[in-house]
Amino acid sequence: MVKNYLKIAWRNLIKNKASSFINIGGLAVGMAVAMLIGLWIHSELSFDKSFPNHDRIAQVMQNQWINNETDTWNSQAYPLGPDLRSEYGSDFKHVIMASWTGGHILSYADKNLKIRGNFMEPDITDMLSLKMIKGGRNSLNDPKSILLSQSSAKAIFGDADPMDKTIKIDHDNVLTVKVTGVYEDLPENSSFGDLTFISPWQLLVKDQHYDTRFNNPWGASWFQTLVQIADNADMGKVTNKIKNIKMNDLVRTHNSDARFKPVIFLHPMNKWHLYGDFKNGVNTGGSIQYVWLFGIIGVFVLLLACINFMNLSTARSEKRAREVGIRKAVGSARSQLIIQFYCESLLIAAFSFLFALLLVQLCLPIFNEVAGKKMLMPWDNSLFWLTGMGFTMLTGLIAGSYPALYLSSFNPVKVLKGTFRAGRLASVPRKVLVVMQFTVSIVLIIGTIVVFNQIQYAKNRPVGYNINGLMVVPLQTDIIGKQYDAVKNDLLASGVIASVSKSETRITDGDVTNGGFTWQGKDPALQENFKSMGVSPEFGKTVRWKIKEGRDFNPAFLSDSSGFIINEACVKYLGFKNPIGQTITWQGNGNYKIIGVVKDIVSESAYEPVQQTFFYLRKGLNNVDIRINTNTSAHDAISKIGAIFKKYDPSTPLEYSFADDDYAKKFDNEERIGKLASCFASLAIFISCLGLFGMASFMGEQRIKEIGVRKVLGASVFNLWRLMSKDFVILVIISLVIATPVSYYFMHKWLQNYQYRAEIAWWIFALTAFGAISITLLTVSYQSVKAALANPVKSLKTE
């Protein structure tokens, strides 16, 4: 019987090639979108899950109370690890102090490679369950050792055995280490995907010449603390216990500021990736919102494709009514007819699934590039195929449910007498489904436009300096720093450089904070918190900031060594009406006079207000800022700059970036979301238009005699086109009426995440309405004009 059902289903597919193509094509696109989103969601949800201990690993975080608000920090003072071990040793299996993963130069023979790695305590090998290719997990116990990932070992040593080879880390210092182990590359879909070497934490602690952050142990929080709780411990209970570590007493004991009321807590590894946002000390979510968003989009896009199938199947009900009547007349039960129609929908779903697999395989490289992933189709995963089969059956059942129940309900007497007509109300469910399709599509389009409008609004924000032609070279060793004046003179003499300076951080990364300031009129209860940047005197000339009051630093004035240049936000924060000449006392550093005020410089998020910031002169700066002449190409400038740096430090490869590129990276996340949303919105419109095309084709066939009569009576092609198109345009207008407030509500709510945000302008809705109506008219016009141009003699000859 099932064989007979499938044979009839196949014949119906062959007989109605156009509608079959639309159904299979639409379902395939919808299923492909759902698969791509499913792969992306799986990648997001499985982040960090490759570590066997992922549910017991956590990062120690810290809440600080600052001016009636709670700030959350992920960095800690380095003595915290030993204190946790000594006071709560039974609750933890491992407590790891570590620096932050960053780029370091590893030197071996004549090779100098920039590789990302970290300094960590030895138990990290057990915590992360490293799969050792050479050596053992205890290989990090030697304080002069290093573990290399398989890829970094290959890059440095080629096919040679790396074991017991001596290499240098950041070669201008004395960090000479021996390779004691090689481990398998860690999964890219993890927080440690770029950890390509590990060296002992003690190597960093003992060599304070290498890292001066250890000079004042409790004075600043610079490092990360990772823990693995004991096998019999509970994450929540351990968090509650360590809150009572009495951080205030510890801070006071170590002569630091206890006003911030620090409280530490554990942030589980399972939440690092998707639940990384904190507001006022409370975890408010994070990337999980996008998992939900795209999951919902995937369901709706697939539903749009199912709606196409439902609409086209029920629209052709009159053509299949006689078949249903005959089947019922010869004894077919309704349940058998329902099974028949379900078989048809399942067959279409099966073909669509195969076509969708091909589409996903073809589109996956492009999707990976847009999404910033490296996902692969899991062809050898049995769970994938079981899920795919279940997914196909579910799609077929959803798509075929309404047609099966509707078509099987026909009265055989009326059908065989020829008195059966679908009636005016029969088209109402189809119209409702079309409205649903376009409502979803229009919401996606409006959302996409709002996202890109917000990105462009932030990009157009004045940054406070000339971002173009500004190169930043981070100093990876002390060699250039010790010969900075000579390097600077050579750069200026090259003819391609306008100005050179040094700075503490990149101008696009204002991440240094300081406290301990007093000034006239300060509120005693204020817990001051400033962003700061140490610079050389030529910094302002190099970045071309905009002086609002006072003057710039002048290397000829010795007094500028105790001078501050502050931004506009800092003026408001300090409460000065006339800031020039005012004195600020910096605890432990003396008195500073304000010599200038500059326009606010956007150095952190482009979506947030500029923080109060001061600039001051200091030594030991780690970045060289270079202003390239406007008449010089970047290629020529890089070539000459590279030659000069190589002259003074031949073994260190030149690393550089441009300020405009660094600034553009601040928009990567939003642009990625916008591109994905625009892709899915376009596919949603495509699927909806496929359905409209099929419906228009059917209506042209159904009303062919009416059109013939109207032509005989003198109707023009334009009048007939308008008649055929009007119904569809009305449905789209209804969709616009529904979609407009819905999209406004959700996008307005999304924009509240940004303090610097664009308004949702009226033109967004007007543009979307114009686009939706235009696309609708273009889609239905072919069939409408075709029907209007048909010879009325052919359509009326049987009357």
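Modeller: Partly exposed means a relative accessible area between the limits for buried (under 20%) and exposed (over 50%), taken with a 1.4 Å probe on protein chains only. This is a predicted model, where local features need pLDDT of at least 70, side-chain atom pairs count only at pLDDT 80 or more, and totals for chains, interfaces and linings use all residues. Residues are numbered from 1 along each chain as its sequence is written, and side-chain values use heavy atoms, leaving out hydrogens and water.

Colleague: How many salt bridges does the count come to?

Modeller: A salt bridge is a side-chain nitrogen of Lys or Arg within 4 Å of a carboxyl oxygen of Asp or Glu. By this rule, the count is 19.

Colleague: How far apart in sequence are the parts that Lys373 and Glu44 tie together?

Modeller: The closest N and O atoms of this salt bridge are 2.3 Å apart. Helices are DSSP runs of H or I with at least four residues, strands are runs of E with at least two, and both are numbered from the N terminus. Lys373 lies in the loop between α11 (334-371) and α12 (382-407) and Glu44 in helix α2 (residues 17-45), so the sequence separation is 329 residues.

Colleague: Is Lys647 buried or exposed?

Modeller: Lys647 forms a salt bridge with Asp490, with the closest N and O atoms 3.0 Å apart. Asp490 is partly exposed at 23%. At a relative accessible area of 56%, Lys647 is exposed.
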